[in-house]
Every structure is written in C-alpha cells, then in structure tokens.
Amino acid sequence: MPPLKLRHGIATSGRRTPEGNRLVGGVPNSNHLDGSSMDYDGPDLNALLAEVRGLPGVRKAFIHKGHVHTDGEGWNAPYYGARGTTGLKR
Ligand SMILES: [Zn+2]
C-alpha cells in the first residue's frame, strides 16, 4: 500500500468511488478507481515529486493541477480523500 504521509507532503486522494471520481473531476477511466493511483500535495511540489518517484512500485509520477499524481504497480491504495470517497459504504 502506498504511504499516506511523506517527508514532503501528504496524500490527498487515493482509491475513489465512481461517484466520488466524478465529483472531483477525475477522468472516467481514472486509475484512482482501481486503487493504483494516489495524489499527494505539499509545500514544494518538485521535492515531493522527487520523493514520490522513489516509492516502491511507482510506474509514473507527475505534477498535475497543483498536486503530484502517481501510479504504482501492484498498489492497493485505500479509499481516501474528502469528496473522492462519496457514496462509499463503511
Ligand atoms: Zn491523481
């Protein structure tokens, strides 16, 4: 599972429900839907990006709309995020 806290930032979005993904403006085939993506935010996005690129299993990481989006191999990201988990039955 990818970390929720890093030295240079914190997770802002993990796995999403389809409804939550729509609410946050995710693309319909978003990798957030199957838990293979995480978003992170922090005060220095370039430092955060460099740190995220060192995580085990990372396939891809880039700065997107003011945060760092990342996809990982074999990740099982938890449902995470304020609106992205809308409709989730807990
Ligand atoms: Zn993302």
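**An exposed residue, an open sheet and a nonpolar core**

Lys 65 is exposed, because 7 other C-beta atoms lie within 10 Å of its own, and the limit for an exposed residue is 12 or fewer. The model described here is predicted. Lys 65 belongs to the loop that runs between S3 and strand S4 (67-72). Its phi is near 45 degrees, which is a positive value in a residue other than glycine. Most residues other than glycine have a negative phi.

The protein chain contains two helices and four strands, and from the N terminus on these elements follow the order β-α-β-α-β-β. With a radius of gyration of 12 Å, close to the 12 Å given by the globule rule for 90 residues, the protein chain is as compact as a globular protein of that length. Along the principal axes, its C-alpha atoms fill a box of roughly 35 × 25 × 25 Å. Of the contacts in the protein chain with a separation of 6 or more, 65% are between residues 24 or more positions apart.

The four strands make up an open sheet with antiparallel pairing, in the order S1-S2-S4-S3. Strand S1 (10-13) and strand S3 (58-64) are the edge strands, each pairing on one side only. From one strand to the next, the twist averages 35 degrees. Three bridges join S1 to strand S2 (residues 37-41) in the antiparallel sense, and Ala 11 is placed opposite Tyr 40 in S2.

Buried residues account for 32% of the 90 residues in the protein chain. The largest nonpolar core consists of ten residues, namely Ala 11, Met 38, Tyr 40, Leu 48, Leu 49, Val 52, Ala 61, Val 68, Trp 75 and Ala 77. At least two residues of this core come from each of S2 and helix H2 (45-52). H2 provides the largest share, three residues. In soluble globular proteins, nonpolar side chains tend to be buried together.

Met 38, one of the core residues, has contacts beyond its neighbours within four places in sequence: these are with Pro 2, Ala 11, Ser 13, Gly 14, Thr 70 and Ala 77.

In H2, the buried residues are Leu 48, Leu 49 and Val 52. Viewed down the axis of H2, these buried residues fall within an arc of 100 degrees, and they therefore line one face of the helix. An α-helix has 3.6 residues a turn, so residues three or four places apart point the same way. The cover over the buried residues of H2 includes S2, S3 and S4.

How values were computed:
Residues are numbered from 1 along each chain as its sequence is written. This is a predicted model: local features need pLDDT of at least 70, side-chain atom pairs count only at pLDDT 80 or more; totals for chains, interfaces and linings use all residues. Two strands pair if DSSP finds at least two bridges between them. Axes are lines fitted to C-alpha atoms, for helices over the stretch in contact, and angles run from 0 to 180 degrees between N-to-C directions. A residue is buried if 20 or more other C-beta atoms lie within 10 Å of its own, exposed if 12 or fewer, and partly exposed in between; C-beta atoms are placed from the backbone. A nonpolar core is a set of buried Ala, Val, Leu, Ile, Met, Phe, Trp, Tyr and Cys residues joined through C-beta atoms within 7 Å. Two residues are in contact if their C-beta atoms, placed from the backbone, lie within 7 Å. The arc is that of the directions from the helix axis to the C-beta atoms. The radius of gyration is taken over C-alpha atoms; the globule rule is 2.2 Å times the number of residues to the power 0.38.
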